Amino acid sequence: MNWTHAGTAFIAAFLASVVEFVEAFTIVLAVGTTRGWRSALIGTAAGVALLALLVIAFGPALQKIPLTTLQLVVGILLLLFGMRWLRKAILRSAGVIALHDETAIFERERATLEHDALARSRIDWVAFVASFKAVTLEGLEVVFIVIATGVGGMLFPAAFGAIVAGALVIVAAVALRAPLARVPENTLKFAVGVLLSAFGVFWIGEGLRFPWLGEDLALVALVAAFLIVSWLAVIIARSAARQRLPVTNGSAGGGAA
Amino acid sequence: MNVVSIVTTALRELWGLFVEDGSFTIGIVLCIAIGIAILPRIAIPAEWRGAALFVILALVLLENVRRSARQ
């Protein structure tokens with residue numbers, strides 16, 4: 001096993017999954033405490049089942065695609081996905097857009113659900129759909145990241161990273177019984193954006209058969225290079241933001257991710 | 001919620017995984033196109049093609065962040 005690849009795949013999948021699990025858990029917690037746990041957990045289970053079905057349906061098909069084509073396609077998608085996260089994390093670090101606030105999201109979701117108080121049937125469909133949607137959408141990102149970082153025989157370390165992240169978030173959430181507001185989400189997103197962008201460039205290069213200086217160690221060099229560029233980008237964004245006229249927050253495309 | 005709106009929502013969410021700022025996405029796609037179509041044809045050592053791809057992507061990121069912060 002190539003430990004440079006395995007370690008990077010594990011770390012990338014672990015950090016990205018922590019972020020996604022925390023986001024999904026925040027919604028499920030709001031649904032459960034507001035509308036009851038039964039429908040929230042059924043919605044969660046249905047979301048997990050749909051994700052498992054998608055992996056079973058499309059996973060084997062990926063094995064049939066030639067490796068270089070798969071590396072190129074996955075590299076392009078990883079680059080788009082990773083650089084989107086990185087851009088947002090940079091703008092948040094620079095104070096251009098607001099930080100992601102799990103407590104605020106929890107309260108907003110709870111207020112919406114309380115306002116939408118329907119007569120409780122055996123299954124509360126509002127609670128079911130809210131939990132199902134949160135788990136499916138955030139879980140889809142986890143599945144994508146695990147598959148993408150696991151290309152080239154690294155599926156096991158990537159999947160292991162996601163499983164460890166899921167277990168950690170569930171244990172922390174059960175222990176705290178509150179939204180995981182103290183998770184340094186932007187720092188995690190920053191790190192994940194750097195890792196996924198580096199993976200994206202590396203896989204595109206592999207897909208195009210570019211020989212890398214240092215071979216697989218080029219991946220570590222790309223991570224370091226993206227980190228330096230991102231640090232520079234934060235400085236540039238802070239400086240540019242100081243020069244603009246005061247405007248309302250979130251004008252730079254700052255929806256929740 | 002009917003089937004059409006469920007599918008539309010799912011597609012919109014899927015699109016949103018990869019695209020947030022349109023000009024940024026176009027910039028990245030152009031960099032990839034350069035990597036595919038131009039880098040193999042110009043006179044730089046093959047070992048430096050990956051590094052060249054990284055450099056143009058880094059420039060796109062820095063320019064987009066600067067522009068977004070000024071808006």
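How many residues of chain B are in contact with chain A, and how many of chain A with chain B? In this predicted model, 28 residues of chain B are in contact with 37 residues of chain A. On the side of chain B that touches chain A, helix H1 (3–18), helix H2 (22–37) and helix H3 (49–70) of chain B each give two or more residues. H3(B) gives the most, with 14 residues. By type, this side of chain B divides into 15 nonpolar, six polar and seven charged residues.

Chain B itself holds three helices and zero strands. Read from the N terminus, its elements run α-α-α. Its radius of gyration is 17 Å, whereas the globule rule gives 11 Å for 71 residues, so chain B is more spread out than a compact globule. The C-alpha trace of chain B spans about 55 × 30 × 15 Å along its principal axes. Of the 71 residues in chain B, 24% are buried.

Chain A meets H3 of chain B through helix H8, among other contacts described here. Helix H8 (residues 218–243) of chain A has 26 residues. From first C-alpha to last it reaches 37 Å, close to the 38 Å expected at 1.5 Å a residue. The buried residues of H8(A) include Leu219(A), Leu222(A), Val223(A), Phe226(A) and Val229(A). Also among them are Ser230(A) and several alanines, including Ala233(A), Ala237(A) and Ala241(A). These buried residues of H8(A) pack against helix H1 (3–35), helix H3 (67–93) and helix H7 (185–207) of chain A, together with H3 of chain B.

Helix H2 (residues 37–63) of chain A has 27 residues, which should span 39 Å at 1.5 Å a residue; its end C-alpha atoms are 39 Å apart, so the two values agree. The buried residues of H2(A) are Ser39(A), Ala40(A), Gly43(A), Thr44(A) and Gly47(A). Their cover includes H1 and H5 of chain A.

H5 of chain A also holds Leu137(A), in a helix that runs over residues 125–149. Is Leu137(A) buried or exposed? Leu137(A) counts as buried because it has 20 C-beta neighbours inside 10 Å.

Terms used: Residues numbered from 1 in each chain as written. Chains lettered and ligands numbered in written order. Predicted model: local features only at pLDDT ≥ 70, side-chain atom pairs only at ≥ 80, totals over all residues. Helix = DSSP H or I, 4+ residues; strand = E, 2+ residues; numbered from the N terminus. Buried ≥ 20, exposed ≤ 12 C-beta atoms within 10 Å, placed from the backbone. Rg over C-alpha atoms; globule rule 2.2 N^0.38 Å. Contact = placed C-beta atoms within 7 Å. Nonpolar A, V, L, I, M, F, W, Y, C, P; charged D, E, K, R; others polar. Expected span 1.5 Å × (residues − 1).
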